[in-house]
Amino acid sequence: FGGGTSVTSVSLASIPAQLVNFSQTEIVVIAAHGLASGGLAEVVVTADTGARAVSTTWTQLERGDITDVLVDEGQVGTRVTIVGTRLLAGADELVQVTLANVPVQEIVSQNDTAVIVVAADGAPGQGDIRLTASTGAFVLEVNGWTFASSGVVTAVEPATGQQGTLVTISGTGLFGRGAG
């Protein structure tokens, strides 16, 4: 293109994009964060010769925002509701949600303002919530989730019984908030 042999840069709405790969007929980039364009904006491809191809076909969307996490601490099986705006990151669906870098067990429901998931098993500790859309775009909440230590059953009395037997279960963290 333009007599050149490679692409040196691509910008979307005046924001430099990360070049992934290119050929004479297709260029793949990753869009960077920037202010919403408020409508169609320019796509500019620059070749190694300085030649440019320009098109007004891109709309830069405002970044998604997680505003609340209902149940921000738990363990495997915890139902988590993530609330915010533009949670689908401009796409039709989410393909992955991670809590503290662990993919969730299930995405129960999803829309632009609320995502409900079920936590998988993860090591105790705090980490990010990441919603990844089908386009590769993502919404991130830094340190938005904490995996709690699993509860521990220390005794079951009596250890045998049948219908009507009163059973006492003892331990720590039996409500899902971990030992202690």
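The model is a predicted one, in which local features need pLDDT of at least 70 and side-chain atom pairs count only at pLDDT 80 or more, while totals for chains, interfaces and linings use all residues. Residues are numbered from 1 along each chain as its sequence is written, and side-chain values use heavy atoms, with hydrogens and water left out.

The protein chain contains 17 strands and zero helices. Both kinds of element are DSSP runs numbered from the N terminus: helices are H or I runs of at least four residues, and strands are E runs of at least two. The chain is more spread out than a compact globule, because its radius of gyration is 24 Å, well over the 16 Å that the globule rule gives for 180 residues. This radius is taken over C-alpha atoms, and the globule rule is 2.2 Å times the number of residues to the power 0.38. Along its principal axes, the C-alpha trace spans about 85 × 30 × 25 Å. Of the 180 residues, 30% count as buried; buried means under 20% relative accessible area, exposed means over 50%, and partly exposed lies in between, with a 1.4 Å probe and protein chains only.

Contacts give another view of the chain. Among contacts between residues at least 6 apart in sequence, 49% join residues at least 24 apart, where contact means heavy atoms within 4.5 Å.

The sheets come next. Strands of a sheet pair through backbone hydrogen bonds, either parallel or antiparallel. Here two strands are said to pair if DSSP finds at least two bridges between them. Strand S1 (residues 7–12) and S2 pair in the antiparallel sense over two bridges, and Ser11 has Pro16 in S2 as its bridge partner.

Ser6 lies in the segment before S1. Ser6 counts as partly exposed because its relative accessibility is 24%. Leaving aside neighbours within four places in sequence, Ser6 is in contact with Phe22, Ala47 and Asp48. By comparison, the C-alpha atoms of Ser6 and Gly34, 28 residues apart along the chain, are separated by 26 Å.

A second open sheet is formed by five strands in the order S8-S15-S14-S10-S11, and its pairing is mixed. The edge strands of this sheet are S8 (73–74) and S11 (102–103), each of which pairs on one side only. Within the sheet, S10 (residues 94–99) and S14 (residues 125–133) are antiparallel and share five bridges; Gln96 stands opposite Thr132 in S14.

Strand S9 has antiparallel pairings as well. Five bridges join S7 to S9, with Val69 opposite Ile82 in S9. Five bridges also join S9 to S13 (residues 114–118), where Val118 in S13 is the bridge partner of Arg79.

Which residues touch the most other members of the largest nonpolar core? They are Ile82, Leu99 and Leu131, in a core of 24 residues. S7, S9, S10, S13, S14 and S15 (138–147) each supply at least two residues of this core. Apart from it lies another core, of six residues, among them Val7, Val10, Val43 and Val45. A nonpolar core is a set of buried Ala, Val, Leu, Ile, Met, Phe, Trp, Tyr and Cys residues joined through side-chain atoms within 4.5 Å. Not counting residues up to four places away in sequence, Ile82 touches residues including Ile66, Leu87, Val97, Val115, Ile129 and Leu131.

Thr78 is placed in the loop between S8 and S9. Is Thr78 buried or exposed? Thr78 is buried, because its relative accessible area is 15%. Beyond four places away in sequence, Thr78 touches Val71, Glu73, Val117, Val118, Ala119 and Trp145.

Finally, the count of salt bridges comes to one, a salt bridge being a side-chain nitrogen of Lys or Arg within 4 Å of a carboxyl oxygen of Asp or Glu. The side chains that meet are those of Glu62 and Arg86, at 3.4 Å from N to O. This pair links distant parts of the chain, 24 residues apart: Glu62 is in the loop between S6 and S7 (65–70), and Arg86 is in the loop between S9 (79–85) and S10. Arg86 counts as partly exposed, because its relative accessibility is 27%.
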